[in-house]
Amino acid sequence: MSRRSSFTFKHMRRSPYQSLAAVAVLSITFFVASIFSLVTLGSQQVLRYFETRPQVTAFFKDDTELSTINNLKRELETQEFVASVKYVSKEEALSIYREQNKNDPLLLEMVTADILPASLEVSGVSAEVLPQIADMLGVDPAIEEVVYQKDVIETLRSWARAIRLAGLALVAVLVATSILTIGVIVGISIANRRREIEVLHLFGANQWYIKKPFILEGALYGVIGAALAWGLSYILLLYSTPFLVSFLGSIPLLPVPVTFMLAFLAALILLGLSIGSIGSFLAVRRFLR
Amino acid sequence: MIIFDQVSKTFPNGTVALEGVSFTVDPKEFVIVTGPSGAGKTTLLRLLLREFLPSGGRIFVDKVDISTLKKSGIPELRRQIGAAFQDFKLLPDWTVGENIGLGLEILGEGEAEIADRVNHLLELTGLKDKSPLFPGQLSGGELQRVVIARALAPEPKVLFADEPTGNLDDATARQIISLLKDINKLGTTVIMATHNPRLVNDPKERLIVLEKGKLVKDTRSKAKISSISSAVEGLSEVEGHKPTKKKKDHPEKET
């Protein structure tokens, strides 16, 4: 680090309350932004989970031949909008039924494999293709009934979209606020060092020599704020993991992998660095012409 | 070489600080610029540092008309001129050592080089044990020495000391003048602005007297003074400058 860069730390030490205020405001801003980012990413994961579940189930008539079922399965597998097709025989349907109702013996007593239909569970590449798959299966004479979770997926999609939009809007507002905050704080810093800047100019310092410590100062506020926000949001996430695991049930979202959180830290620091640099650059342009 | 050729400066409020001032300063010369307060001594320094432009006339530093310098060329000009300001312009929260090393920092010198040069200057100016102190802990005479040491640190060709004896008692003032003469003997051109030329007390020294912005006396021989116009003409041909033209007055401040 050059001696001039070390002046950034010197200046920060000499105005500790100002530096503390800057870091606190940015930490809170980045904390809110990171929570919303995590919620948005989580909702996308939940949606993806539901989208990759068997989405369309076609139940066959009792007298349907296995060869008919296999023909239909093969035909489905050739379609590009179909992600996977799984055949569930009467026996497998019974074991699934037994598993789901193992705590209720009364429901298990009268049920045999004969009364349960064989079925095909078809996953689409996206929720949009579900009606297409359902229509294709519905016209087949061997099929008794077609069931798919159209409403659940649609609701989830609209929620995820709303969360993403709200998150983006909030992050945009917070980014603007952060840039403004850093701009104001660096502006105050420049005003406090007006005399020093004048002297530097008189002794032949060029513009970059004078501007560099201020831009570094803003960038540093951004990085520290981002790192603290990441720490706070990770602690919150770890603290609420038991509750979230029971709330989400079988959705495999938690625990969040450490590698993901490290990547998230890198992204936050990059964002903090960019916001800090932009904020201080704007302040320097405004106040150090 | 420094040439002031018919230099005028009128501030936006109408104050005439300089009016048609012409003189040259040769390399390694010791020049005393004197005159009462408001005569235009400090304006000379500020014009030389291109803090603002003259309203008329031209100023040459080493054959370059500094009025034609682009903004990006001003730092280079200022590195050639060591300025010891009347109001010191020391940074109160920097130590004496840091203040002296400022010019070297700007030049991007390494820590060891800066330390060596600062130590040498502390010794030269008699401030050997003052390096870790802050300006607020020094006396007037010591502050003046720090200001001179800081101006000398980047080894400028010219040292312009503006009222270096301003608020000092006679004994301390004479010490400062002696220091400036020593610096001059080492090869640096020294221009000293003072309202009290008696302190120099040396009839051999060149004296330029300003009054109300006009040059009223220059003790340099007339033959040398008459060479200004030929020197400027020569530069004009070399540099392709146009003859002096009255510029529209404006407050263009460069710092």
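Let's begin with strand β1 of chain A, residues 56-60, which is joined to β4(A) by five bridges, the two running antiparallel. Keep in mind that this is a predicted model. From here we'll look at a sheet in chain A, then some aromatic rings, then a strand in chain B.

**The sheet in chain A**

- Step back and you'll find an open sheet of four strands in chain A, ordered β2-β3-β1-β4 and paired antiparallel.
- At the edges stand β2 (82-88) and β4 (143-148) of chain A; each has a single partner strand, so one side of each has no neighbour in the sheet.
- On average, neighbouring strands here are turned by 15° against each other, ignoring direction.
- Packing on this sheet is helix α3 of chain A (residues 66-77), which touches β1, β2, β3 (119-124) and β4 of chain A.
- The direction of helix α3 makes about 165° with that of β2(A).

**Aromatic rings**

- Over all chains, the structure holds six aromatic pairs.
- One of them is W230(A) with Y234(A): the ring centres are 5.3 Å apart and the planes sit at 50°, so this pair counts as tilted.
- W230(A) and Y234(A) are four residues apart in helix α9 of chain A (residues 207-248), which means about one helical turn separates them.
- Both W230(A) and Y234(A) are buried.
- F4(B) and F23(B) make a stacked pair, with 4.8 Å from centre to centre and 10° between the planes.
- That pair links distant parts of the chain: F4(B) belongs to strand β1 of chain B (residues 2-10) and F23(B) to strand β2 of chain B (residues 16-25), 19 residues apart.
- F4(B) and F23(B) are both buried, too.
- Another ring to look at is that of F85(B): the charged end of K89(B) sits over it, 5.5 Å from its centre.

**Strand β3 in chain B**

- Five of the five residues in strand β3 of chain B (residues 30-34) are buried, so the rest of the structure largely encloses this strand.
- Both of its faces are covered, with F30(B), I32(B) and T34(B) buried on one side and V31(B) and V33(B) buried on the other.
- Strand β8 of chain B (residues 189-194) runs parallel to β3(B), joined by five bridges, and A193(B) in β8(B) is opposite V33(B).
- Strand β9 of chain B (residues 206-211) also runs parallel to β3(B), with four bridges; there, V31(B) has R206(B) as its bridge partner.

Key. Residues are numbered from 1 along each chain as its sequence is written. Chains are lettered from A and ligands numbered from 1 in the order in which they are written. This is a predicted model: local features need pLDDT of at least 70, side-chain atom pairs count only at pLDDT 80 or more; totals for chains, interfaces and linings use all residues. Side-chain values use heavy atoms; hydrogens and water are left out. Two strands pair if DSSP finds at least two bridges between them. Axes are lines fitted to C-alpha atoms, for helices over the stretch in contact, and angles run from 0 to 180 degrees between N-to-C directions. Contact means heavy atoms within 4.5 Å. Rings of Phe, Tyr and Trp (its six-membered ring) pair if their centres lie within 6.5 Å; planes under 30 degrees apart count as stacked, over 60 as edge-to-face and the rest as tilted. Buried means under 20% relative accessible area, exposed over 50%, partly exposed in between (1.4 Å probe, protein chains only). A charge sits over a ring if NZ of Lys or CZ of Arg is within 6 Å of the ring centre and within 35 degrees of the ring normal.
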